[in-house]
Amino acid sequence: MRESSLDSEVKTLRIEGVSDEEVRAGLDSLGLRLTVPEARRLFELLKRNPSRVEATIFDIMWSEHCSYKSSKRLLQKYLPTEAPNVLLGPGEDAGIIELCTHEGERYSLVVAHESHNHPSQVLPFEGAATGIGGIVRDVYCMGADVVAVMDALRFGDPDGANKNKVREVASGVVSGIWQYGNALGVANLGGDVHFDSSYDENCLVNVIAIGVVKEGEIERSAVPEEAGMEDYDLVLVGKPTDASGFGGASFASDVLDSQEWGESRSAVQVPDPFLKRILAEANKRMLTLVHSRGLKIGFKDLGAGGIACATSEMVAASGLGATIDLEKVPLDDPSLSPEVIVCSETQERFALAVPSSITSQVLRIYNEEYELPFIYHGARAVVIGKVTGDGNYVLQWGGSRVCNVEARTITSGISVERRSVEAQVSETEPEFSPPQNMGSFLLEFLVSPNASSRRPVFSFYDCEVGGRTVVRPGDADAGVFAPVDGSGVGVAVAADGVPSYGKISPYWGGALAVAEAMRNVACVGATPRALSDCLNFGSPEVPEVFYQFEETLKGIGDCARAIWQKGLPGVPVPIVTGNVSFYNEGDSGRAVAPSPIVACFGLMEDYSKAVTMSLKESGSLLFLLGARLNELGGSLYFQELLNCLGKNVPRVRFDEERSAVHFVIEAIDGGIVASCHDISAGGLVLTLAEMSMASAGSLGVDVDVLAIDGPLRYDKKLFSESSGFVLEVFPSEEEKFRAAAGQHNVRPTLLGVVTGEPAFRVREGSRPLIELSLGEMRARWEKGLENSLA
């Protein structure tokens, strides 16, 4: 590292020549979460005591949230991130894959996936809203237009001992998401919701944003190499800096303590979707200027770590440095200290590195054309510093250098080796009799929080703003939108992950999350082309938790490789972006269930071919793909009937899964499938019920479980959560359907037919098992979640 020094009057954190206890006391006095060994490592790097500003910067940059110090080695080891269609993999704010070519122009799909768990537990509305705000900035700063968002939510037991708090958190989170997203004017295309008591003290709010950009107009967060040869200014754009969000990254890298929630609230940012919308339009105008001049810039959102993280990463990526005058940063409160100014996570801000030749024009766009100072008090674009060629990151305040460190030392992070000890699972497979009245049980089952309709959640979201939506949330297993005006290309998106599976086997929990996300995209006729993941776990310092984390990664990686991209044998479906969220636990010390949440992004050449789950025509045939196996471990059936987990978790049979997924895509593209729905949580019976309840008019089903091969008892056939599909096929297409299945070595089972009356009939040969009115089923199903959250 280069020699660096501070001005003599700058206050420092004493590390040299003092005891560990004194170092700890000094860290505590500054509110820092650095460990004593980390503080001593910092001294070794700097060869001197750090200033308070430097110590604060490293506290944030070495947090789990920013440095991935416990996880990055395993992420690199297990996850496939490269494929021919990947333009930008993990490492920047968002991942980018090839989308299509239209009228001679190449377009790309930009995706980002993050968590905002701790803030959403402490301040549900603000935490969830700023989660959406942060994730769309990640996509905007790649030069893309954000066209859709999704959210995957995990809440505690709404009927348990902590039900009042759980319901309060859930209500606040949903309100924050819809009020921010709707005001921003971006369509919400779905996600998923699960309830489990392990989330009583720590909800999970995972957010996903999707954007579109012309390939030639992709922006990078790194300052371009040209900045080493010509003058580049660092420009801060957006709200005036305040203390909100200060320490947010460190807050997200520690266990939630309800005794400190009053203090923690200051680590949650304050959202403003209307200003964000203006900034988005101003950014487009700025980028038009840049592209018209053929110039290169650096463009990055300000999230965790604020100015310090954004600007140091921008310059370090190109081996450059920066000099920043903190007195030029617009402030909401002039009394803020330099460490708060540089590390606050105030929302609705971006950092730019632009050639000095266009700086005045850039400032004019934001401050005059889009009138930021008049839209929000104190908001504006302002030059705060310069890019330098010496590689040092220098911050000035009050005429003194309060930080002088090589930029790459700040961003290189640290790595921690964690112990991994296999977590012992004591669950057994229960012995039991089926319900005496399966129809009555099904009606109660449909009301349960994890089986009931999600419409009470997504009905708040604007799913069609922007006019690109083709298939709305709830109509199919994936949302579908048209990304490029005038093109027939469609994009399908889905997010999945069942926490109960990970409790039994974190490996299969990870693999099943990938497989279900891919099945959901295939169900509308799209081909999976990329994945993202958000990995939510307890403390990595607990060996059993770290074992769960590593096993989950193995499962995700194995499945992404095994169910390779259709048409590209052996080429994995790549993971192009994601996030790791540790320390998800509360006062009791109970960690959340291992919770990988995987999003899949699929492409289809003609979105008009997309199918939904609703039944289409009386007399159609209902086919099952996928054997029904004794795999009810973690099932909703066991949870609702027996209040237990069980042991036999579903497994992904990779070759069979790949064949089925690729066959379904081909069959839908060929026009021989009328509707399709995957089998996952709730099993075959819930899949059939949802297809029936989604149907308009007088359509129902009549199916016979005797048609399903194997020795399983009828209730296990109905509720087994082994993966699979149910497809509706018109009789005229049966021959083509069976022939195509044979070419993929897929064996479909004819379950029954679509009937012309609104009744749900399931039988075992001539013996009726379930015979219910769809009206009664739908009424209960649609009210279940609403009642749980009332």
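This is a predicted model: local features need pLDDT of at least 70, side-chain atom pairs count only at pLDDT 80 or more; totals for chains, interfaces and linings use all residues.
## A walk through the buried parts

Phenylalanine 719 is buried, with a relative accessible area of 1%.

Phenylalanine 719 belongs to a cluster in which ring pairs link Phe432, Phe441, Phe445, Tyr637, Phe638 and Phe719. The rings of phenylalanine 441 and phenylalanine 719 count as edge-to-face because their planes meet at 75°, with the centres 5.8 Å apart. Phenylalanine 441 sits in helix H17 and phenylalanine 719 in helix H25 (residues 714-719), so this pair ties together parts that are 278 residues apart in sequence. Across the model, the count comes to 19 aromatic pairs. Here are two of them, side by side.

| Ring pair | Centre to centre | Angle between planes | Type |
|---|---|---|---|
| Phe441 and Phe445 | 5.8 Å | 35° | tilted |
| Phe441 and Phe719 | 5.8 Å | 75° | edge-to-face |

In soluble globular proteins, nonpolar side chains tend to be buried together. The largest nonpolar core here has 62 residues, and those with the most contacts inside it are Val136, Leu153, Phe155, Met286, Leu352 and Tyr366. This core draws at least three residues from each of domain 1 (81-218 + 465-609) and domain 2 (220-413). Leaving aside residues up to four places away in sequence, methionine 286 touches Ile297, Phe299, Leu352, Val362, Ile365 and Tyr366. A second, separate core has 55 residues, among them Leu32, Leu46, Ala227 and Ile324.

Strand E7 (residues 232-238) is mostly covered, with 7 of its 7 residues buried. E7 pairs in the antiparallel sense with strand E10 (residues 349-355) over 7 bridges, and leucine 236 stands opposite alanine 351 in E10. E7 also pairs in the antiparallel sense with strand E11 (residues 380-388), over 6 bridges; there, arginine 380 is the bridge partner of glycine 238.

Helix H24 (residues 683-693) is largely enclosed by the rest of the structure, because 11 of its 11 residues are buried. Serine 500 lies in helix H19 (residues 499-504) and is buried, with a relative accessible area of 5%. The side chain of serine 500 reaches the backbone oxygen of glycine 634 at 2.6 Å. Not counting residues up to four places away in sequence, serine 500 touches Gly634, Gln639 and Leu645.

Conventions:
Residues are numbered from 1 along each chain as its sequence is written. Side-chain values use heavy atoms; hydrogens and water are left out. Helices (H or I, at least four residues) and strands (E, at least two) are DSSP runs, numbered from the N terminus. Buried means under 20% relative accessible area, exposed over 50%, partly exposed in between (1.4 Å probe, protein chains only). A polar contact is a pair of N or O atoms within 3.5 Å; within protein, one must be able to donate a hydrogen and the other to accept it, and residues adjacent in sequence count only if both atoms are side-chain atoms. Contact means heavy atoms within 4.5 Å. Two strands pair if DSSP finds at least two bridges between them. A nonpolar core is a set of buried Ala, Val, Leu, Ile, Met, Phe, Trp, Tyr and Cys residues joined through side-chain atoms within 4.5 Å. Domain bounds come from an automatic or database domain assignment. Rings of Phe, Tyr and Trp (its six-membered ring) pair if their centres lie within 6.5 Å; planes under 30 degrees apart count as stacked, over 60 as edge-to-face and the rest as tilted.
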